[in-house]
Amino acid sequence: MKRTPLSNAAALALGVALCGCCSCLKPDAKSPAVAVSGTPAVSVKPGINEEFLKPDLNPNQWVERFEKEGREVFDHRREIVAALGLKPGMTIADVGAGTGLFTFLFADAVGKQGSVYAVDISPVLLVHLGRRAAEGGYGQVKVHRGGEQDTRLPANSVDRIYICDTYHHFEFPAPMLASLKKALKPGGEMVVVDFKRIPGVSAEWMMTHVRAGQEVFESEIVAAGFTKVGEPLTFKDNYVVRFRK
Ligand SMILES: C[S@@+](CC[C@H](N)C(=O)[O-])C[C@H]1O[C@@H](n2cnc3c(N)ncnc32)[C@H](O)[C@@H]1O
């Protein structure tokens with residue numbers, strides 16, 4: 001698809017319009033980090049989102065990294081989307097939408113009657129998502145600025161939550177999980193795709209970049225009140241796990 005370049009100002013205005021509110025694209029207000037327990041929240045992986053938060057991030061560089069053959073989740077994207085059981089009219093939140101690899105596949109699956117919240121914390125990627133939605137005529141895609149500890153999604157608003165290659169980017173998993181649980185409709189499902197991280201097997205960069213393996217992440221998610229209901233797919237480097245509220 002040929003893309004017409006927009007100026008940054010036009011793209012930002014477009015993003016705001018798509019979002020339906022200005023606040024979601026404003027810089028995050030600095031509020032004290034407080035965990036769900038009421039104790040101060042401490043980042044479990046300080047700096048992991050530094051690149052994504054840069055104002056001069058080049059979205060095309062990330063498109064090249066995320067949407068290329070050889071990236072396991074890209075190669076298996078259609079199987080992954082099928083495993084979510086999306087139906088026309090459903091609402092899904094793509095949390096950590098990145099460049100929109102899955103956002104627009106979800107939009108095709110839920111159709112014009114459905115909705116896709118493309119949630120991210122990266123100001124530049126949010127503008128990129130808004131531009132891509134507008135250029136593709138995806139009115140069902142709502143670009144949504146989340147916080148580092150709170151998705152800021154409306155309560156009981158989504159049938160599915162999808163978190164791909166992003167759970168390990170959550171610096172504050174406990175309050176994030178509480179906000180995700182709140183956003184999910186009763187009976188709704190959350191699907192997490194992340195790296196297996198097996199010592200002695202996984203690549204060194206993965207061992208350093210991803211703070212923990214599948215068992216630890218699953219136990220955090222279960223401790224937050226979710227129930228594991230299946231593991232529909234597994235790949236060489238990535239697992240796919242379904243949870244219910
Ligand atoms: C490795 S990228 C994955 C992007 C996309 N899911 C994919 O697989 O192509 C991680 C994304 O998560 C975003 N992110 C990090 N922490 C987040 C949070 N608390 N809420 C929403 N997005 C977050 C980053 O800005 C980045 O776009």
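Predicted model: local features only at pLDDT ≥ 70, side-chain atom pairs only at ≥ 80, totals over all residues.

User: Where does Arg-152 lie?
Analyst: Arg-152 is in the loop between β3 and β4. Its phi is near 60 degrees, a positive value in a residue other than glycine.

User: Which loop holds Asp-165, and is Asp-165 buried or exposed?
Analyst: Asp-165 sits in the loop between β4 and α8. Asp-165 counts as buried, because it has 20 C-beta neighbours inside 10 Å. Asp-165 also has a positive phi, about 60 degrees, although it is not a glycine.

User: Back to β3. Why is β3 largely enclosed by the rest of the structure?
Analyst: Because 5 of the 5 residues of β3, which covers residues 141–145, are buried. Val-141, Val-143 and Arg-145 point one way from the strand, Lys-142 and His-144 point the other way, and all are buried.

User: What is the sense of the pairing between β2 and β3?
Analyst: Parallel, over 5 bridges, with β2 spanning residues 115–120. Asp-120 stands opposite Arg-145 in β3. Between the two strands the chain runs through helix α7, residues 123–136, and this β-α-β crossover is right-handed.

User: Now the core. How many residues are in the largest nonpolar core?
Analyst: The largest nonpolar core has 52 residues. Those with the most contacts inside it are Ile-92, Ala-93, Ile-161, Tyr-162, Met-190 and Val-192. Helix α7 supplies the largest share of this core, 6 residues.

User: What is Met-190 in contact with, leaving aside neighbours within four places in sequence?
Analyst: Met-190 is in contact with Ile-161, Ile-163, Leu-180, Leu-184, Phe-226 and Phe-243.

User: Leu-180 is in α8. Which residues of α8 are buried?
Analyst: In α8, residues 173–183, the buried ones are Pro-173, Pro-175, Met-176, Leu-177, Leu-180 and Ala-183. The elements covering them include β1 (91–95), β4 (158–164), β5 (184–195) and α10 (214–223).

User: Switching to the ligand. How many residues surround the ligand, and which are the closest?
Analyst: 22 residues surround the ligand, and the closest are Phe-52, Gly-96, Gly-98, Ser-122 and His-169. By class, this shell has 12 nonpolar, 7 polar and 3 charged residues.

User: One more loop. Where is Lys-196, and what does Lys-196 touch?
Analyst: Lys-196 is in the loop between β5 and α9 (204–209). Not counting residues up to four places away in sequence, Lys-196 touches Ser-202, Gly-213, Gln-214, Asp-237, Asn-238 and Tyr-239. Lys-196 and Ala-212 are 16 residues apart in sequence and 8.7 Å apart in space, C-alpha to C-alpha. Lys-196 is partly exposed, with 16 other C-beta atoms within 10 Å.

Conventions:
Residues numbered from 1 in each chain as written. Buried ≥ 20, exposed ≤ 12 C-beta atoms within 10 Å, placed from the backbone. Helix = DSSP H or I, 4+ residues; strand = E, 2+ residues; numbered from the N terminus. Pairing = 2+ DSSP bridges. Right-handed = clockwise from strand over helix to strand, strands pointing away. Near = placed C-beta within 6 Å. Nonpolar A, V, L, I, M, F, W, Y, C, P; charged D, E, K, R; others polar. Contact = placed C-beta atoms within 7 Å. Core = buried A, V, L, I, M, F, W, Y, C linked by C-beta atoms within 7 Å.
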